[in-house]
Amino acid sequence: MNLSGLREQANNAWKAVNEPSRPQVLVGQATCGEASGAGEVNHSILETLKRLGIEADVHSVGCIGACYCEPLVDIVKPGAPRICYHSMTPALVSELLEDYLVKDNPRPDLALGVWGESRFGIPALFELPMFKPQMRIALRNAGVIDPENMMHYIARGGYTGLERALKMAPEAVIAEIEKSGLRGRGGAGFSTGLKWKLCRQAKGSPKYIICNADEGDPGAFMDRDLLESDPHAVLEGILTGAHAMGAAEGIIYIRAEYPLAIKRLVKAISQMRDIGLLGKNILGSGFDFDLRIVMGAGAFVCGEETAMMNSIMGRRGTPRPRPPFPAESGLWGKPTSINNVETWACVSAIMEKGADWFSSFGTEKSKGTKTFSLAGKINRTGLIEVPMGITLQEIIFGIGGGIPGGKSLKAVQTGGPSGGCIPASMLSLPVDYEALTKAGSYIGSGGMIVLDEDNCMVETARYFLSFTTSESCGKCVPCRLGTRQLLTILTDITQGKGKPQDIPAILGLGKSMRQGSLCGLGQGAPNPAMTTIAYFREEYDEHINSHVCRAGECRALISYTIIAERCKGCAICLRACPSAAITGEKGKPHVIDISKCSQCGNCLDVCPKKFNAVVKVPAAGPAAVPAAKG
Amino acid sequence: MAQTVKFTIDGKQVTSTEGTTVLEAALSAGIFIPNLCFHPDLEPYGGCRMCIVEIQGMRGMPTSCTIKVAEGMIVKTFGPEIDKTRRDALQLLLANHPTDCLACVKNQRCELQKVAAYMGVTERTMQRTARPQAVDESNPFFKLDRNYCILCARCTRTCNEITCVNAIDLVSRGDETRVSLFQDQQFMESICRSCGECVARCPVGALVSKNTVIPSSEVLTTCCYCAVGCSMYLGVRDGKIVSVRGNSEGKSNKGKLCVKGRFGIAEFVTHPDRLTSPLVKGENGQVQASWDDALQIVADRFKTYSPDEIAVVASARTTNEDVYAVQKLARAVLGTNNVDNCARL
Amino acid sequence: MAGLATQFGSGAMTNSIGDFKDSACLLSIGANTTEAHPVIGFEMKQAVKRGAKLIVINPRKVGLVRHADLWLRPKSGTNVPLIMAMCRVILENGWHDEAFMAARCENLEAFKESLEQYDLESVSRITGVPAEDIKAAACMYAKNTPAAISYAMGICEFSHGTDGVMAVGNLAMLTGNIGKPGAGVNPLRGQNNVQGACDMGALPTTYPGYQSVTDPVSQAKFALAWGKTSGLKPGITLSEMFDAACDGRIKAMYIIGENPMLSDPNLAHIEKALRSLDFLVVQDIFQTETTALAHVVLPGASFAEKDGTFTNTERRVQRVRKAIEPVSGSRPDWLVTCQIAQKMGAQGFDYKGPYDIMNEINRLSPSWGGITYERLDACGSLQWPCPTVEHPGTPILHTHVFTRGRGKFMPLDYFPPFEMPDDEFPFLLDTGRALFHYHTGTMTRRVGGLNRFMNEEKLQINPADAQNLDIRDGDMLSIASRRGKVTARAKITDVTPAGTVYMTFHFRETPSNLLTSPGRDVVTATPEYKACAVKVEKVKVEKLKSGGEG
């Protein structure tokens, strides 16, 4: 079988969705959709269609990135454009189907946007503030196609890049990738073309390539969404890379916590095998290649190249010093090239549309686009892809819609636990590899966590250090014990036991860890602490000198009190208190005994808003009392 | 033959051979670089970070134990940045290590102590992070006290690379990483063969022999057990054998020993059951006799037999000189070729 | 070691322990290296780790099997047909080293002829090894050069053990695996100085340095040096000594540092022999089962208390140095022997120390001519042959020519072991060593810690056999052969193949050699320790009082 024979079949399949003869319903069912109830919504759609006696096709698609308003359901009615509806529930979708498909009311009130031009008073989807600044290359099919239907992928131009690559000499493919300016999307930003060239030139056989899908940063979900939404975009890139580097075997290293992505990959791989895209003599080019999946066991450090290779070989997942680099001596001592999921997806796009097209996006040194997962205190959480060079301002306030609840932005954490916090004052910073690194953070794999005035920066640093402390592989001293040391100091500060000399201690040790650690985990681990000290020194000083947490997040540095004038004596807080610290008679003002209070905040949460009697005050709780000053 | 490589360490011209690591080359050129996880028998590990250096043209501070020498390489082994980074790593170890060196078996023989002394460390500057850890005393010859462990992994690498027994490995992550046996067994429940190669390579007081007497002198000799002929040092103190260690120059064993050689010698040599007097059989069984009397009896009796009536069994466990003497006795004195040994057993 | 001596001209290990690291293929036959030679075991496993192939031929699932690319599990005593079949496969497929055979070897035609009988089908039937495994082993051994063979008593201790050794020699010559680094035929000797004891002439047939007693020139040489020497007639072997003692031909024995009352086969026979003696002198460091029967017991000094040299399995001579004074009342063995000689009025035994003895060895044993204390102290060790003080020693034998000239291919026939299981004695008993003890345990049983690992004999029995006999782990068993009976607890393990049971000989409470066979190698008289027929029964609980518990 060959691909050109399939293209017509693919085009027909895709046309049947977009210019249908009967209604098409597409449900966003990546993990994010499933988590917000897309499964029940899908079920409700089937029930409703049956009840209404409507002949329609229902598809599962991936995630288009608007995670904040899922479940998303798209409807394509014959003769009408594809309309995207948001925040669906089983009841709402049932109502929608009946209104639109039977009564011909497109329900603009439930719609997010129209694919294409605005219609029925529904705005154009890609003109919305969330989408307009985006440029979707890696995510080109995410939420658009059914990821389990290979025909959709092919109809959207899939595998044309591979066909082109197979007609080119491997060196020419590498030159094309180099020319595109693509850099590794896993975080380090090494030139992909150069990396491939080193592997191509390395002596040794067989050669291996690895797709790094061990996404582990807290708050990052780019790779998961991409694999769940468009596995073939990644697989095509891997195949292209295999041809370019002369690799015989590919391994997708994916964390076992991504069952849906694994399921879709397995299916996509078997589809490829069925049509001769894997195995011997691929597409008649004389090129042999096969691919398998290895599941990671949930160790963050296995995202590091050498640790990952150890894990694949069945050894303890710890990094080893480089050189030798994987390109010279990787899996089983053979040349190996490791690229991130998003990198592979960019490769297939570059081979389809050309290096010049790709490098027309981005900045001078950071070409193309980058995906980010927006999380934290932001209105529109979700997955986005933007041209390099866009400012943080545009991302957070444009695409992300700003901070909820009228609160003010404090900082943006990028780069995961090895990244840093960029203060609100630096929002005009363009997002590219160099600029973020200069600001003390880094792009990382693309996690972006927005922090507002209620977030304590010391606590934020402490949180990331607790992550790296438990995820350190334990091999090298600076990381294994340095993370613990930093965590101990930061914990003390959040508990009001900080000392003025803690700040120089953190900065000094942090620098040593950066220089002395074996791998990126330990080298980056001090970053959250060091950048928060650099940009939010006053918060540290307040914690240490005045035992005050201005954000009110550090439990030991706050206490709760009941304002007697406001308290109606309803006893709701009394019942909610797990420490029996609240006393008071029914109908009379209650009192909190701070010696018993554990600062859990239940009382504040349950106190009826109309009374607003419980307040959090930055007064030292009992835990902070013994702290000696100075 | 390996190619010769010329390069510079701290401005000094050094010649070494291709494939040598910077650390090994420096040490053999008399330039000390602190190190803990390095061991000449083991593959480079790069865990302790003590041996970091700066190499022109290389990013950051690579570990000299993992970098191979190259022609024209320019290496710097000290400087304020290197010193600070090393010192912090060392302080982190000290903050996680017991504080009473006097109470440690390895006092004065501890490599951590030596590195600390070399770096001029006189106080601990970091917050203590040590927590109580499990001690395994099940093995009759050695114990594993994880409280002293610095996770240099020499022991686990030894068990993997040298003996290929793989009884011990590192488990868990972060500062909960520990040396462990399969399913957290004790040594005696595990597949450990008790060779003690791990004990021999532990730089600190974590894997230590239960016999803690330090010898006053050592004698180089050859093991008395199997035919591998392991070269070993017997440690002597007060007329007794108190320690055994492999001789790394030994051609047949390159420093390695097994459980019998390492732990099974001292006790039998001076065992109270040792024969201390000749015995001569009389009417009431064997009774003690003087050497002179016993030898005279033997000589007198031997004289009475013709060469065909007497046979001599030499020992395959005694020295060549012992055997030579006895076969000479058989042939030259007793006149017989009836002499054999247990070679076939 | 007569097998290799016949074929190559020397019976010793052809290569060195350090050579295993250069091997592309290791073939281990009848050896339990990780238990009996642990440090060589390390070396072999490291070689495998670096990519060398490992083939293990052993009926028992020994420690090396875990590291092996290929494990052949022949029936006990079928080494000869198995290895000869490998030879035949190699020849048939043209994997042999034609040039080496033509230039270095002889007797090829007779050998080829004898291969006729070893077709894969018959050999597979005799050995129980699948034909494809034999073929795979032949291919792996022949195609990964250099390939080193190592073997131990699992080849020799059969009534046709010499044939087994020669089969191995054939295999090595066929593939040119002789005389080069990483190759060779390497017998792993059992005890610290077995090699040295043979080198020193503690053999009925040779003077020191393997100079034949039947050669008048040698005789004259030693007579001149010593003033007097023995006749041209070879003496009798150890086993024959006991036979001769039984029938009164041998009247007196002088036994040094041996405990035949536990280590030798068919103990009842040994006991009868020793009790028949008119005069028995035993020299040892501890009381043993053998000293108990002696008329005179002489206390020797241990290795830590005297100077001297040992020769290890790779012909490496190394110093033994006195670390402590002999324990009160004991004397070094050489001194005791010399004092007896002097009391008998002999000349030439007035050595001041082992140094003087080594000087005499240097003079009289050509292959040891250059092995002096001065050199050993300076360089640590020397491997013989080392004829002069300028000679660097010989790590690899037969590099250009075989010691005997041309390597001799030996045609071989297959004979089963002397005693095979039958209806009455349905199991084959195999005996051997364990890591934590040594020989008859006179030394290791006195080390408390070692006893913690192993303090009693256990009969190893396959789970299938155990199930048939309703035996559970730890059950007390009686094991009987035609010659005797012992009791031991059961250890159920698949290390031992079905139909075979296994014991060590380390425990005086369970003297397994009460059972072993009177069978001996037809050439060397090496006892057939590795095969005798036994029956195994559970001991009733009330009988336990008299049991053999340690």
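**Domains and helix packing**

Mentor: Chain C is divided into domain 1 (2–188), domain 2 (194–383) and domain 3 (427–546), with bounds that come from an automatic or database domain assignment. This is a predicted model, in which local features need pLDDT of at least 70 and side-chain atom pairs pLDDT 80 or more, while totals for chains, interfaces and linings use all residues. Residues are numbered from 1 along each chain as its sequence is written, chains are lettered from A and ligands numbered from 1 in the order written, and side-chain values use heavy atoms, without hydrogens or water.

Trainee: What area is buried between domain 1 of chain C and domain 3 of chain C?

Mentor: Buried area is the accessible area (1.4 Å probe) that two parts lose on being put together, summed over both. Here the value is about 1700 Å², of which carbon and sulfur atoms give 54%. In domain 1 of chain C, C:Arg60, C:Glu157 and C:Ser159 lose the most area to domain 3, together 36% of what that side buries.

Trainee: How many salt bridges are counted between domain 1 of chain C and domain 3 of chain C?

Mentor: A salt bridge places a side-chain nitrogen of Lys or Arg within 4 Å of a carboxyl oxygen of Asp or Glu. The count between these two domains is one. C:Lys61 forms a salt bridge with C:Asp494, with the closest N and O atoms 3.2 Å apart.

Trainee: At what angle do helix α18 and helix α21 of chain A pack?

Mentor: Two packed helices are described by the angle and the distance between their axes. Helix α18 (residues 477–494) and helix α21 (residues 527–546) of chain A pack at about 40 degrees, with axes 11 Å apart. Axes are lines fitted to C-alpha atoms over the stretch in contact, and angles run from 0 to 180 degrees between N-to-C directions; helices are DSSP runs (H or I, at least four residues), numbered from the N terminus.

Technical notes
Helices (H or I, at least four residues) and strands (E, at least two) are DSSP runs, numbered from the N terminus.
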